[in-house]
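Hi everyone, thanks for coming.

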Amino acid sequence: MNRVSATGIGKSYGPVKALDDISFDVAPGEIFGIIGPDGAGKTTLFRILTTLLTADAGRASVCGLDVVKEYRAIRCRVGYMPGRFSLYRDLSVEENLRFFASVFNTTVEANYHLVADIYRQLAPFSTRKAAQLSGGMKQKLALCCALIHKPEVLFLDEPTTGVDPVSRKEFWEMLMRLRADGLTILVSTPYMDEASLCDRIALIQSGRFLKIETPRRIVAAYPRKIFAVSSSRMHDLLRDLRAYAPVGTAFSFGAACHVTFAADDCPAALEAYLTARGHSSLRVEEIEPTVEDCFMLLSKTPDDGKRA
Amino acid sequence: MLKFLIEKEFKQLSRDKVIPRLIVMLTLLVMFVFPWAADQEIKNVKLHVVDRDRSSLSERLVQKVVSSGYFRLSGPSASYDGAMPAVERGDADMIMEIPSGFERDLMRGETGRLLLAANAVNGTKGGLATSYMAAIVADYSADLRAENGLPALSSAFKVESSFRFNPRLDYKVFMLPALMVMLMTLLAGFLPALNIVAEKESGTIEQINVTPVPKTLFVLAKLIPYWIIGFVVLSLCIALAALVYGIYPTGSLLTIYLFTTVYIWLVSGMGLVISNYSDTIQQAMFVMFFFIMVFILMSGLFTPVSSMPQWAQAITAINPLKYFMQVMRQVYLKGSGFMELLPQFFALCSFAVVLSVWAVVSYKKSA
């Protein structure tokens, strides 16, 4: 049976539609990623599924329990880690953990095996106030507190936002281990590189799911060839690319621009065009599309890439 | 589960660097500073004397005025106009001019004349000083008549004042019970409300909301520590008032604690209503500041409710502070029993019920 199941979820704040007709299912032991930019509705969706908010439309169930009627039973069986650090800053690491164990009617000792791996790293700071922990340590403590009552489903709202790359990597390794223990995990993130670590991902934009697929299939379904273009004058490159008629989409991706062609055109012609515009040390190579490329393609109408 | 929640509250409270100290400071201020500062007796009025008579009788009058303890001579002047600059500088609050011929007129049995001019920028001070002076002068003239074998001035009435329940007209007896009410309002009403808003602001309430902890239990765990603090502080105040000022409640302590229980329930409800409508501490603080100002100024703490205009008196009808203050003063000074305080009891109970229902309803909506 599905651990999480939603049909036609909708939620509006005044005239703003935060969520619009969201439907999906999450199987047991799956890491389900919800990928999208800030303000896409990720947090609202999590708040509905963790019974903090009621939806205007649609139905949802977690662990087979209705989020409205059986909310109290759900609260015993899910763990939630909000995007904002929300443990007691004036309590120590250990006190926070003990407190959250006690409000779930359990003890740290009873479920220590669940958090042992993570807590071992926090142990040297167990008497330190939560407020004085570093960002990565805070996330680990928050994860411990969300796990201490042995939840069946874990909801992580942007757990790695504002955390350094090393801690992010460690954090995802922890999630992989938790999945191996049979935990179902819903995680939201604005980082596209984290998407490929999920079993399945949902791309969300303006309150709508654009696609739900495995990261591999999403990438495989990318309909066009994609090229990474870089030159000595990156500043002008994007503008010049978009001015070139055969280019379908062009987006800046860190050190390069990712370009697709609307019409049949070969990279050689593009190179000639850019050289004519005064670009030197040009590199144009075909690459594997990333989830971010797919997101860009799905979220914009073909024209957007040229105008914006 | 409640035990763990309350344990957490006390742990947090004990770590807080400001709140516990503030509670102690406030209690000490209320007990040791406010009763003196809020004393409305006027003392040390600076008096300028313009004695144009320079006789033994005028000298005697000045002596009598100074020995009353209310006035302090700030200097003599030759003329009234010469004394005015002292008033303008703030060196004098009042001028007493004794015209020449004062002694002669009195000896002849004629009416002596005196000019009193008070600086009424501070109206209360000017008014009270004038009436003190009038009383002293009346006393002086009675003394003179008795000495010279003249019959006392006949007047239609002779007013005999008798200050019932507070014979020495001691402001501290009057103020302390009312100040305790103020303290209870702050401790049991506003502190827990701010505490709840703080959890909202820091986001910790979100984490609590996904646990099976029922909201009522969460709120109860917030209130109970402050109820305990409230009763401890009240007992401390009652003990201090007895030890330091020798002020005991004339009525029963049981009545005081019964009413305090109802009142704490009431202000807790009020605090919760405020916390339900506020998302940030700033909002909550401002709303509380607003109510505290209105409640205290319209409670009869400083100025009697009965001397307010009719429309203002009507407003005080919905001021819970007023009722509890009446109760405290009446129990302390008059020794009123529960039966005499029934109207206040019903008023406070209805406020408590209305506010708690409101708190519960607005809490459900805000959730």
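First, a caution: what you're looking at is a predicted model. So how well does chain A score? Its average pLDDT is 87, and 96% of its residues reach at least 70. Among the elements of chain A, strand β7, residues 153–157, comes out highest with a mean of 95, while helix α11, residues 304–307, sits lowest at 44. Around there, residues 302–308 of chain A have pLDDT below 50, and that stretch makes 11 contacts in the model beyond near neighbours in sequence. I'd read that bit with care.

Okay, domains. The assignment for chain A gives domain 1 as 4–219 and domain 2 as 222–307. Going by C-alpha atoms, the centres of domain 1 and domain 2 of chain A are 36 Å apart. And who takes part in the contact? On the domain 1 side of chain A there are 13 residues, and on the domain 2 side of chain A, nine residues.

Now to the sheet. It's an open one in chain A, four strands in the order β12-β13-β11-β14, paired antiparallel.

Let's zoom in on one pair. Strand β11 of chain A, residues 226–230, runs antiparallel to β14(A), with five bridges between them. For example, A:Ile226 has A:Ile287 in β14(A) as its bridge partner.

Two helices lie across these strands. Helix α9 of chain A, residues 267–276, goes across β11, β12, β13 and β14 of chain A, at about 25° to β11(A). Then there's helix α10 of chain A, residues 291–299, lying across β11, β12 and β13 of chain A, at about 130° to β12(A).

Last stop, chain B. Find B:Ser77, in the loop between β2 (71–76) and α4 (80–89) of chain B. Is B:Ser77 buried or exposed? B:Ser77 counts as buried, because its relative accessibility is 14% and the cut-off for buried is under 20%. What does B:Ser77 touch? Leaving out residues up to four places away in sequence, its neighbours include B:Val49, B:Val50, B:Asp51 and B:Gly82. B:His48 is also among them, and its side chain makes a polar contact of 3.2 Å with the side chain of B:Ser77.

That's my tour, thanks!

Note on methods
Residues numbered from 1 in each chain as written. Chains lettered and ligands numbered in written order. Predicted model: local features only at pLDDT ≥ 70, side-chain atom pairs only at ≥ 80, totals over all residues. Heavy atoms only, no water. Pairing = 2+ DSSP bridges. Contact = heavy atoms within 4.5 Å. Axes fitted to C-alpha atoms, helices over the stretch in contact; angles between N-to-C directions. pLDDT = per-residue confidence, 0-100. Buried < 20%, exposed > 50% of the residue type's maximum accessible area, 1.4 Å probe, protein only. Polar contact = N/O pair within 3.5 Å; in protein donor to acceptor, adjacent residues only side chain to side chain. Domains from an automatic or database assignment.
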